[in-house]
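Work through the exercises below with the sequence and the 3D structure at hand. Each task is followed by a solution in steps.

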Amino acid sequence: MAWSYRRKPEEKCAEPGPAREKALELLTGQDFSCQGLYDRLCRRFTEEAAAYAVSEMVRLHYLDDERYARVRARSLLMQHKSRRAIADALRRKGVDRELIADTLDALYNEQEPGVDPELEAAQILVQRQYARRLEEGRQDLVLAALARRGFSYRVARDAVASVTRQV
């Protein structure tokens with residue numbers, strides 16, 4: 001007889017009370033978007049119980065997609081992510097496309113005038129991670145790496161050129 005380590009499928013709880021308690025527990029540890037919390041709760045609770053818990057958290061102002069998008073976008077910008085990478089990360093967390101666009105516009109408009117946060121982020125990445133490749137004369141690899149990270153060709157080219165001038 002072979003042993004199986006698979007867990008037996010558990011029946012999901014349909015009670016809204018435990019779903020609400022789990023939502024509170026989850027929100028004490030980290031911030032969620034509405035869709036993210038709903039998806040997480042649906043692992044153990046029925047869709048109705050999860051929807052109730054999420055609506056309750058919104059009603060109590062414990063859950064706010066605008067606040068979540070603003071904080072998460074600022075955090076990702078501080079990690080030198082491109083605008084496209086930030087938008088993709090927020091989209092994967094279930095944030096609405098219009099809210100993402102509004103949040104990114106506000107975030108990029110609050111930066112100093114004349115400063116391009118995209119270019120700054122790309123320059124920092126080139127200096128920190130790709131300087132050796134530039135020294136080897138592999139500008140093509142650096143441009144490709146920046147493109148994979150979501151930077152436009154113009155921004156990647158300008159970042160490589162500015163870092164090359166500094167060296």
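**Exercise 1.** State what share of the residues in the protein is buried.

Solution. The model is a predicted one. A residue is called buried when its relative accessible area is under 20%. Of the 167 residues in the protein, 36% are buried. The accessible surface comes to about 11,200 Å², and carbon and sulfur atoms hold 48% of that surface.

**Exercise 2.** Describe the secondary structure of the protein, then decide whether the protein is spread out or compact.

Solution. Step one is to count elements: there are ten helices and zero strands. Step two is to compare the radius of gyration with the globule rule. The radius of gyration is 22 Å, while the rule gives 15 Å for 167 residues, so the protein is more spread out than a compact globule. Step four turns to contacts. Among contacts with a separation of 6 or more, 61% are between residues 24 or more positions apart.

**Exercise 3.** Examine the pair K22 and E25: find the distance between the closest N and O atoms, and classify each residue as buried, partly exposed or exposed.

Solution. First, the distance: the closest N and O atoms of K22 and E25 are 3.4 Å apart. The cut-off for a salt bridge is 4 Å, and the pair does form a salt bridge. Next, the location: both residues lie in helix α1 (residues 16-29), three residues apart, which is about one turn of the helix. K22 has a relative accessible area of 19%, so K22 is buried. E25 has 48%, so E25 is partly exposed.

**Exercise 4.** How many salt bridges does the protein have, and which residues are linked in a network?

Solution. The count comes to 13 salt bridges. One of the pairs is E136 with R133, whose closest N and O atoms are 3.4 Å apart. R20, E21, E56 and R59 are linked in a network of salt bridges.

Terms used:
Residues are numbered from 1 along each chain as its sequence is written. This is a predicted model: local features need pLDDT of at least 70, side-chain atom pairs count only at pLDDT 80 or more; totals for chains, interfaces and linings use all residues. Side-chain values use heavy atoms; hydrogens and water are left out. A salt bridge is a side-chain nitrogen of Lys or Arg within 4 Å of a carboxyl oxygen of Asp or Glu. Helices (H or I, at least four residues) and strands (E, at least two) are DSSP runs, numbered from the N terminus. Buried means under 20% relative accessible area, exposed over 50%, partly exposed in between (1.4 Å probe, protein chains only). The radius of gyration is taken over C-alpha atoms; the globule rule is 2.2 Å times the number of residues to the power 0.38. Contact means heavy atoms within 4.5 Å. Accessible areas come from the Shrake-Rupley method with a 1.4 Å probe; for residues, only the protein chains shown count as cover.
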